[in-house]
Amino acid sequence: MAQKARISLVAALLTGGFCAVFAIFLNVVLPTMSVLFLLGSAGLSGFLGSLFAQTVLRNRK
């Protein structure tokens, strides 16, 4: 597997893992969410998950 493809796959897995943990956290802290809050938190989760994955992968080099 090419190096760039491997990095992209790891970044996607890290982002997905971060989003899953973030969703569980929000579900525990705020069990009743409105649809707008749910959409906003999903966007925020993806944004923060992407930053997390980039930071982890940048520090591995």
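The dialogue below takes these features in turn.

Mentor: Some ground rules come first. This is a predicted model, where local features need pLDDT of at least 70, side-chain atom pairs count only at pLDDT 80 or more, and totals for chains, interfaces and linings use all residues. Residues are numbered from 1 along each chain as its sequence is written, and side-chain values use heavy atoms, without hydrogens and water.

Trainee: How many aromatic pairs does a search of the whole structure find?

Mentor: A pair of aromatic rings is described by the distance of the centres and the angle of the planes. Rings of Phe, Tyr and Trp (its six-membered ring) pair if their centres lie within 6.5 Å; planes under 30 degrees apart count as stacked, over 60 as edge-to-face and the rest as tilted. The search finds two pairs. One of them, Phe 18 with Phe 22, is stacked, at 6.2 Å centre to centre and 10 degrees between the planes. Both residues lie in helix α1, four residues apart, about one turn of the helix. Helices are DSSP runs (H or I, at least four residues), numbered from the N terminus. Phe 18, Phe 22 and Phe 52 form one aromatic cluster.

Trainee: Is Phe 22 buried or partly exposed?

Mentor: Buried means under 20% relative accessible area, exposed over 50%, partly exposed in between (1.4 Å probe, protein chains only). Phe 22 has 17% relative accessibility, so Phe 22 counts as buried. Phe 18 counts as partly exposed because its value is 24%.

Trainee: Which residues form the nonpolar patch on the surface?

Mentor: Nonpolar patches join side chains of Val, Leu, Ile, Met, Phe, Trp and Tyr within 5 Å, from residues with over 30% relative accessible area and no salt bridge. Here they are Ile 24, Phe 25, Val 28, Val 29, Leu 30 and Phe 37. Helix α1 gives the most, with four residues.

Technical notes:
Patch = residues over 30% accessible without salt bridge, like charges linked within 9 Å, V, L, I, M, F, W, Y side chains within 5 Å. Areas by Shrake-Rupley, 256 points an atom, 1.4 Å probe, with all protein chains shown as cover. Salt bridge = Lys/Arg side-chain N within 4 Å of Asp/Glu carboxyl O. Helix = DSSP H or I, 4+ residues; strand = E, 2+ residues; numbered from the N terminus.
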